[in-house]
Amino acid sequence: MSLTNERIQQRLTEKFGDVLTGFEEPFGLLTLTAQKDYNLKVMQFLFDDEELRFRFLTDITAVHYPERKNEELAVVYHLHNLQDNIRLRLKVFAPVAKPDVFTATKLYESANWMERETYDFFGINFVGHPNLIRVLNVDEMTYFPMRKEFPLEDSMRIDKDDEMFGRGGNL
Amino acid sequence: MLDQKQHIKLPEGSIEKDTQTLNLGPTHPATHGVFQNILEIDGERIVSAVSTVGYIHRAFEKIAERRPYYQITPLTDRLNYCSAPINNMGWLLTVEKLLGIETPKRVDYLRVIIMELARIADHLICSSVMGVDTGALTGFVYVMTYRELIYEIYEEICGSRLTTNIGRIGGFERNFTPAAFAKIERFLNEYPAVLKEFETLLTRNRIFMERTQGVGAISAERALSYGFTGPNLRAAGVDYDVRVANPYSSYQDFDFSIPVGTTGDSYDRFQVRNAEMWESISIIRQAMDKLKSLPADVYHADVPAYYLPEKQDVYTKMEALIYHFKIVMGEADILPGEVYNAVEGANGELGFYLISDGGRSPYRLHFRRPCFIYYQAYAELVQGSMLSDAIVCMSSLNLIAGELDA
């Protein structure tokens with residue numbers, strides 16, 4: 001019998017109780033939020049459990065919500081059970097002042113660069129990561145560019161000298 | 001002034017005094033893209049490798065946070081530029097999933113044709129370049145004629161060749177012309193013989209086999225742990241294909257098989273790609289047959305709020321003018337939501353994780369780029385092998401710098 005979202009939710013709730021919150025199914029993909037210190041425990045359980053078998057890490061990324069106090073950064077894991085072909089999204093919220101989240105590198109080799117990328121752009125500090133350095137940006141960079149406090153240039157700005165770009169000066 | 005040594009990071013426990021450090025890349029003719037590997041070599045044998053990526057990082061995820069949805073399609077072109085249409089379709093399907101747009105069957109089949117042509121073009125490059133890297137230029141030059149034909153088909157449909165920006169939210173920007181269909185027919189008639197001959201050149205070629213068998217091999221278990229997807233994973237014997245696991249764009253209507261390898265080495269990857277090209281040809285044939293029974297004038301869904309109206313109507317009809325203005329200015333109504341959508345890219349599972357807060361641009365858009373994830377395994381794959389094997393291993397992985405660095 002193939003695994004359903006209800007069954008996964010039931011198994012997880014039995015095991016972790018109120019550590020896991022915010023169960024929802026946007027577009028059929030089971031999404032849940034774990035307390036910050038439990039991300040690895042939950043993933044380990046999802047990996048080891050003979051029924052759940054979430055043994056493929058599809059993706060790790062982060063999202064910045066500046067207006068959520070003390071949980072500004074969300075780390076988002078996409079896991080995949082290839083045998084039953086079912087996906088799951090796990091979220092962990094961390095404060096921007098101290099964004100420490102446990103690393104998943106012990107569980108999945110692929111987490112290595114994904115976590116480096118997430119660190120590179122959002123500054124998530126993956127505790128226990130073997131080599132947490134920038135991967136796409138230059139090493140000398142001192143900020144985390146995907147955070148919302150770094151907006152892109154306003155396309156309507158008027159103080160720019162277009163002459164430098166061969167488009168004539170004042171319009 | 002930075003110390004030059006600062007950029008050369010030797011691995012832990014390096015025995016540099018006894019070995020040489022070789023900088024392979026970032027611009028090396030044999031790496032087909034901007035890849036840097038700092039190799040520690042003992043004679044010609046690789047002791048360890050450290051991969052450096054990010055040389056052509058263009059911050060697409062950040063740029064996407066400022067752009068209306070229809071302007072993000074050209075960004076996706078520049079990820080895997082060997083098969084740009086698949087990226088375009090992946091992005092459009094993600095937006096359509098978010099907006100709940102159902103596309104007509106004909107649109108789905110036209111998209112399947114385009115995606116499979118792109119897959120052939122991508123595999124063609126990868127397989128023939130493996131020949132080049134092992135010293136056989138002939139096959140490469142021979143099959144390029146047919147990649148050119150595929151590019152001409154793109155050109156008939158959307159007007160451009162490499163970075164295609166093909167398709168719009170809800171369908172295609174215009175119907176396929178009779179010339180486009182004629183070219184697809186020509187491709188279907190001529191290409192199988194060419195692919196057969198290309199395979200004859202290399203598959204049982206003793207030199208090619210010696211150069212690729214057992215090179216860069218990975219077990220299924222390690223491949224899964226490293227997040228391999230696409231032909232590289234299938235070469236290791238895991239039959240995971242997004243087209244079958246989570247069908248999109250009506251792939252469930254087609255009859256095709258997933259070729260798998262056994263050893264996960266460069267030779268098996270080559271074989272899997274060639275077998276996939278045969279499957280793609282069959283899928284395109286099936287799609288062409290299915291199109292015959294569908295009305296020939298449908299090429300987009302009926303979603304006026306998201307699909308640009310005919311220019312003629314913009315000048316004469318009020319609604320068309322309003323929708324045209326709203327779409328072009330990026331003010332089309334987007335629903336808030338969170339969606340992950342994956343398509344089977346030419347080199348693996350290409351995923352789009354999109355969070356919309358209802359604004360004109362995505363709140364967050366993340367690309368799951370398959371080759372960024374599996375390139376991590378490269379250091380392990382080449383460890384202990386010869387320098388020349390590292391080159392073959394790299395080309396067999398089908399790494400595309402544009403996708404890797406996003």
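Two exercises with worked solutions follow, and both concern a predicted model.

**Exercise 1.** Describe the secondary structure of chain A, and work out why chain A counts as more spread out than a compact globule.

*Solution.* Begin with the elements: chain A contains three helices and seven strands, and their order along the sequence is α-β-β-α-β-β-β-β-α-β. Next, compare the radius of gyration, which is 20 Å for chain A, with the 16 Å that the globule rule gives for 171 residues; the value is well over the rule, so chain A is more spread out than a compact globule. Then look at the box that the C-alpha atoms of chain A fill along the principal axes, which is roughly 70 × 35 × 30 Å.

**Exercise 2.** Determine how helix H4 (residues 105-133) of chain B and helix H16 (residues 387-396) of chain B are arranged, and which residues meet between H4(B) and H16(B).

*Solution.* Two packed helices are described by the distance between their axes and the angle between them. Here the axes of H4(B) and H16(B) come within 9 Å and cross at roughly 170°. Since angles over 145 degrees count as roughly antiparallel, H4(B) is therefore roughly antiparallel to H16(B). The next step is to list the contact: Val129(B), Met130(B) and Asp133(B) from H4(B) meet Ile391(B), Val392(B), Ser395(B) and Ser396(B) from H16(B).

Methods:
Residues numbered from 1 in each chain as written. Chains lettered and ligands numbered in written order. Predicted model: local features only at pLDDT ≥ 70, side-chain atom pairs only at ≥ 80, totals over all residues. Helix = DSSP H or I, 4+ residues; strand = E, 2+ residues; numbered from the N terminus. Rg over C-alpha atoms; globule rule 2.2 N^0.38 Å. Axes fitted to C-alpha atoms, helices over the stretch in contact; angles between N-to-C directions. Parallel < 35°, antiparallel > 145°, perpendicular 65-115°, else oblique. Contact = placed C-beta atoms within 7 Å.
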